[in-house]
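This briefing concerns helix packing, the nonpolar core and backbone geometry in the structure shown below.

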Amino acid sequence: MLMNGADLLAVANEHSFAVPAFNISDWAMFTGIIEVSEQRRSPLIVAIHPDEVSHIGHDLLAAIVQRAHTSSVPVTIHWDHGGTYEQILTAIQIGFTSVMIDGSMLPYEENVALTARVAEAAHAVGLSVEGELGTIGKLDEQAEAGVAVSDIIYTDPDQAEDFVRRTGVDSLAVAIGTAHGLYPKGLKPELKLDLLQELKSRLPIPLVLHGGSANPDEEIGRAVKLGVNKVNISSDIKVAYHDRMREVLADPTLREPNTIQPPAIEAMNEVAAHKIELFDAAGRADLY
Ligand SMILES: [Zn+2]
């Protein structure tokens, strides 16, 4: 069942769980993630970053939309970290049902203006919109290079209230102490759960966590119970996928993708299943 993000996350908000947003970059990863979500009866957000859209091409979207329609669990197809208004129009055109516009690196008033403009266009055709306030570290191709906790500007509750009211976003990515990508060695991330509580008490909409690969499970689990309803997962599943693939490829005689990819998908899905349990999303498809 294909849904937009607002309908998907409203149920998560009501029942205090989080929907995993898994970043996928190819067909094998996509079908693997759909299968593990169906096995666990978990709602799913398929997140595709603009760099990933460039990699898979627009033509594959039709197949992704088709598979989402026939899925036995609710699926949202989400444009992750949209950078421009034009990208959002592309997302609308090729079949996404949810978009993120990330103006968090812009001056505040410019972030408001861009996000409001995106929300007007996306809402007109039934897509939902995620905005971002505060910063969660720079996202580059190998995000582990150069992200430091000092890069995080925490989300300000007063500003967040103003932002949501003026932009009309359906959900908000907040900066409460996670960073994108794998963390540098020796960095001990810690979530500001009191800030999360304050944000949630003032903003009843679904809140979103980006990053968090190295935050302890127990902390992430508590954040979910305090009002985070979407958690982005990218590095964790890709590391599992490619670590296993490197092991498989140690055998130089292998050449067929249908021999090489399945063990990598299996390793990826073990991590995905763990996240689904951690976010209390297993079995929740039955609520829709
Ligand atoms: Zn992100």
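Helix H10 (residues 235-248) packs against helix H11 (residues 257-278) at an angle of about 150°, the two axes lying 8 Å apart. H10 is therefore roughly antiparallel to H11, a term applied to angles over 145 degrees. The model is predicted: local features need pLDDT of at least 70, side-chain atom pairs count only at pLDDT 80 or more, and totals for chains, interfaces and linings use all residues. Residues are numbered from 1 along each chain as its sequence is written, and side-chain values use heavy atoms, with hydrogens and water left out.

**Packing of H10 with H11**

- H10 passes H11 in a right-handed crossing, in which the near helix is turned clockwise from the far one by less than a right angle.
- In contact (heavy atoms within 4.5 Å), the H10 side includes Asp-236, Ile-237, Tyr-241 and Arg-244, and the H11 side includes Ile-260, Gln-261, Met-268 and Lys-275.
- The residues of the contact of H10 with H11 divide into 13 nonpolar, one polar and three charged.

**Packing of H6 with H7**

- Helix H6 (residues 108-124) and helix H7 (residues 157-167) have axes that come within 9 Å and cross at roughly 35°.
- This crossing of H6 past H7 is right-handed.
- Among the residues that meet are Tyr-108, Glu-109, Asn-111 and Val-112 in H6, and Gln-159, Asp-162, Phe-163 and Arg-166 in H7.
- By class, the contact of H6 with H7 comprises five nonpolar, four polar and three charged residues.

**Nonpolar core**

- The largest nonpolar core has 86 residues, of which Ile-33, Ile-48, Ile-77, Phe-96, Val-99 and Leu-172 touch the most other members; such a core is a set of buried Ala, Val, Leu, Ile, Met, Phe, Trp, Tyr and Cys residues joined through side-chain atoms within 4.5 Å.
- H11 gives the most to this core, contributing eight residues.
- Leaving aside neighbours within four places in sequence, Ile-48 is in contact with residues including Asn-23, Val-53, Ile-77, Trp-79 and Phe-96.

**Positive phi values**

- Most residues other than glycine have a negative phi.
- His-81, which is not a glycine, has a positive phi of about 55° and lies in strand E3 (residues 75-82).
- His-81 is buried, with a relative accessible area of 10%, where buried means under 20%.
- Asp-280, in the segment after H11, has a positive phi near 60°.
- Asp-280 is partly exposed, with a relative accessible area of 29%, a class between the buried limit of 20% and the exposed limit of 50%.

Terms used. Axes are lines fitted to C-alpha atoms, for helices over the stretch in contact, and angles run from 0 to 180 degrees between N-to-C directions. Helices (H or I, at least four residues) and strands (E, at least two) are DSSP runs, numbered from the N terminus. Angles under 35 degrees count as roughly parallel, over 145 as roughly antiparallel, 65 to 115 as roughly perpendicular and the rest as oblique. Ala, Val, Leu, Ile, Met, Phe, Trp, Tyr, Cys and Pro count as nonpolar, Asp, Glu, Lys and Arg as charged, and the others, Gly among them, as polar. Buried means under 20% relative accessible area, exposed over 50%, partly exposed in between (1.4 Å probe, protein chains only).
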